[in-house]
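Have the structure open while you read.

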Amino acid sequence: MKDVSFDNKLAVCEKKDQNLKRMACSFVIVAAMLWGTIGIFGKKLTQFGFSTEQIVFIRAIGACITLILFTLTKNISLLKIKPRDFIYFVGTGIFSFVFFNWCYFIAINKTSLSVAAILLYTAPAIVMVLSAILFKEKMTKKKIISLLLTFAGCIFVTAFVQDTGQNITISGILAGLGSGLGYALYSIFGRYALKKYNSITVTLYTFIFASVGLIPFADIKKMISLFSNINALYYAAALGIIATVLPFLLYTKGLSYLETSEASIIATLEPIVATIIGVLLYGEPLTLFKILGISLVIYAVSFVREKGEGTQN
């Protein structure tokens with residue numbers, strides 16, 4: 001006789017898993033939207049005289065201070081990690097955060113806000129391959145189709161951008177691709193760290209290690225003098241909290257319930273936000289190719305999030 005109570009428990013567990021996955025998807029979507037605002041604060045701080053390295057350091061140290069204060073007041077045990085696990089945070093903090101931010105801001109200045117954001121999202125392809133190798137995640141048809149659609153969207157936004165008269169350099173393209181590699185590494189190292197630590201702990205130590213790694217390059221004395229302009233402080237605070245702490249916390253939390261490759265694909269919504277900001281605030285042209293590229297990325301994200309993705313898809 002069929003065990004009805006077992007079936008009911010199984011249905012409850014499946015529904016709970018679906019709700020957690022839906023919540024995780026929402027976290028990643030909001031994180032992507034907040035990340036899309038990075039260019040606003042980065043461009044402003046550049047105008048105030050801050051270098052690329054200093055802007056990345058501002059992101060890291062601002063997030064670091066915010067999260068330390070939070071953990072000290074809420075749960076000091078979140079500060080505890082084992083020395084042998086430092087390698088995870090060297091990965092998330094230096095190999096990922098420092099490297100991809102450095103490349104990203106160079107790409108913004110040598111291409112455009114929207115192009116730099118699109119190039120950053122070569123990351124899902126890297127994540128998908130590494131996740132299949134390291135975490136045995138299946139490369140399902142749905143993931144591959146979503147990835148191809150995302151890549152096609154990137155091609156439409158970048159390959160035809162010269163028709164708009166924008167100045168695109170080889171060094172800018174290479175910097176954008178470097179940012180994609182660095183961004184991908186956060187998902188990989190973060191997945192390992194989340195097996196042992198809370199998402200807040202992972203995010204906090206990411207920024208601690210990133211801050212330490214950036215000290216030799218930040219020219220802190222000069223940076224402090226630039227903060228004599230009170231407006232620079234406002235933009236620095238916004239960069240640290242709105243475009244750094246909140247999205248990293250949300251993405252890391254979402255990574256706890258989603259496959260690494262899936263989270264990375266969903267996060268490709270960031271360039272949509274960045275492109276819209278570029279058009280509305282900086283007068284970057286919205287061409288037919290950009291509209292087509294944006295549409296493909298949005299469809300790819302909605303496709304991979306569709307209910308019912310199974311191992312056979």
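## Ground rules

This is a predicted model, so to speak of local features we need pLDDT of at least 70, side-chain atom pairs count only at pLDDT 80 or more, and totals for chains, interfaces and linings use all residues. Residues are numbered from 1 along each chain as its sequence is written, and side-chain values use heavy atoms, with hydrogens and water left out.

## Helix 8 against helix 9

Let's start with helix 8 (residues 170-194) and helix 9 (residues 199-218), which pack at about 130 degrees with axes 10 Å apart. Helices here are DSSP runs (H or I, at least four residues), numbered from the N terminus. Axes are lines fitted to C-alpha atoms over the stretch in contact, and angles run from 0 to 180 degrees between N-to-C directions. The pair is therefore oblique, the label left for angles that are not under 35 degrees (roughly parallel), over 145 (roughly antiparallel) or 65 to 115 (roughly perpendicular). Their crossing is right-handed, meaning the near helix is turned clockwise from the far one by less than a right angle.

On the helix 8 side, Tyr 186, Ala 193 and Leu 194 make the contact, and helix 9 brings Ser 199, Val 202, Thr 203 and Thr 206; contact means heavy atoms within 4.5 Å. Sorted by class, that is 4 nonpolar, 3 polar and no charged residues. Nonpolar covers Ala, Val, Leu, Ile, Met, Phe, Trp, Tyr, Cys and Pro, charged covers Asp, Glu, Lys and Arg, and the others, Gly among them, are polar.

## Helix 9 against helix 11

Helix 9 also packs on helix 11 (residues 230-255), at about 135 degrees and with axes 9 Å apart. That makes this pair oblique too, and the crossing is right-handed.

From helix 9 come Ser 199, Ile 200, Val 202, Thr 203 and Phe 207, which meet Thr 244, Phe 248, Leu 249, Thr 252 and Lys 253 of helix 11.

## The cavity

How many cavities of 30 Å³ or more are there? The count comes to 1, and the largest cavity has a volume of about 30 Å³. A cavity is a set of points on a 1 Å grid over the protein atoms alone where a 1.4 Å probe fits but cannot get out, with lining residues having an atom within 4 Å of a point. Points are joined across faces, edges and corners, and volume is the space filled by probe spheres set on them.

Its lining consists of Gly 39, Gly 42, Lys 43, Thr 46, Phe 105, Ile 108 and Asn 109. Helix 2 (38-47) and helix 4 (86-110) are the elements giving two or more residues, and helix 2 gives the most, with 4. By class, the lining has 2 nonpolar, 4 polar and 1 charged residues.

Key
1 Å grid on protein atoms, 1.4 Å probe; cavity = no way out; pocket = protein on both sides within 12 Å on 5 of 7 lines; lining within 4 Å.
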